[in-house]
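User: I am new to this structure and would like to learn how its features get their names. Please set each value against the definition that it has to meet.

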Amino acid sequence: MTARPPVDDFAITIDDLAKAVQDGSTKVLDVRPPEFFRGDKSTEARPGHIPGAKNRPYQKDLTRTEDGQWFRDRKDLEQEYAALGLQKSDPVVVHCRTGHTASESYFVLRYLLGYDKVRWYNGSWTEWAARSDLPAKLGDQ
């Protein structure tokens, strides 16, 4: 018997994401602030977002009270993600600028809302923007 590395169903590579974007098989969720998604602001190699991505800043999942910061009501989150066109049966990739805040959105989708085909793109916009061979889009859509 030959030992094989375990299947990584958490992360997705840049090359696998590029293929999925090209063939339309995966929905992409960008959790950066809207001005970075649109390309109005940028600290990366180039501005914009992955074509076809939906924008929902990760902070929209949270609420702050005098006792601390908490996840918002599950039913509200379910409705808001569904309004973005994300269904629980869809393959979804979540990313941000560097992978940090996308991990919060990954947790919400996977463990609070039950999306079982969600993946996390570690390289996020920093890696994607640095590759001039990959497409970038400006604006809200």
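**Reading the labels**

Analyst: Just after H3, glycine 85 takes a positive phi of about 95°. The model is predicted, so local features need a pLDDT of at least 70 and side-chain atom pairs count only at 80 or more, although totals for chains, interfaces and linings use all residues. Residues are numbered from 1 along each chain as its sequence is written, and side-chain values use heavy atoms, with hydrogens and water left out.

User: What makes the approach of aspartate 73 to lysine 75 a polar contact?

Analyst: At the start of helix H3, which spans residues 74-83, a side-chain oxygen of aspartate 73 comes within 3.1 Å of the backbone nitrogen of lysine 75. A polar contact is a pair of N or O atoms within 3.5 Å; within protein one must be able to donate a hydrogen and the other to accept it, and residues adjacent in sequence count only through two side-chain atoms. The contact between aspartate 73 and lysine 75 therefore falls inside the cut-off.

User: Why is arginine 32 called buried?

Analyst: Arginine 32 has a relative accessible area of 5%, and is therefore buried, given that buried means under 20%, exposed over 50% and partly exposed in between, with a 1.4 Å probe and protein chains only. Arginine 32 lies in the loop between strand S1 (27-30) and helix H2 (34-38), and a polar atom of its side chain is 2.7 Å from the backbone oxygen of glycine 48.

User: How do you know that arginine 32 and aspartate 30 form a salt bridge?

Analyst: Their closest N and O atoms are 2.8 Å apart, and a salt bridge is a side-chain nitrogen of Lys or Arg within 4 Å of a carboxyl oxygen of Asp or Glu, so the pair qualifies. Both arginine 32 and aspartate 30 are buried. Side chains of opposite charge can pair when their charged atoms come close.

User: How many salt bridges does a search of the whole structure find, and which parts of the chain does the one between aspartate 15 and arginine 131 link?

Analyst: The search finds ten salt bridges. Aspartate 15 and arginine 131 meet with N and O at 3.5 Å, and this pair links distant parts of the chain, with aspartate 15 in helix H1 and arginine 131 in the segment after helix H5 (124-130), 116 residues apart. Aspartate 15, at 43%, is partly exposed, and so is arginine 131, at 27%. Arg56, Asp61, Arg72 and Glu80 are linked in a network of salt bridges.

User: What makes phenylalanine 71 and phenylalanine 107 a stacked pair?

Analyst: A search of the whole structure finds five aromatic pairs. In one of them, phenylalanine 71 and phenylalanine 107 lie 5.7 Å centre to centre with 25° between the planes, so the pair is stacked, as rings of Phe, Tyr and Trp (its six-membered ring) pair when their centres lie within 6.5 Å, planes under 30 degrees apart counting as stacked, over 60 as edge-to-face and the rest as tilted. Phenylalanine 71 belongs to strand S4 (residues 68-71) and phenylalanine 107 to helix H4, 36 residues apart.

User: Why is the pair of tyrosine 106 and tyrosine 111 called edge-to-face?

Analyst: Their ring centres are 6.3 Å apart and their planes stand at 70°, so the pair is edge-to-face. Tyrosine 106 counts as buried because its relative accessibility is 8%, whereas tyrosine 111 is exposed at 52%. Both tyrosines belong to one aromatic cluster, together with Phe10, Phe71, Phe107 and Trp120.

Technical notes: Helix = DSSP H or I, 4+ residues; strand = E, 2+ residues; numbered from the N terminus.
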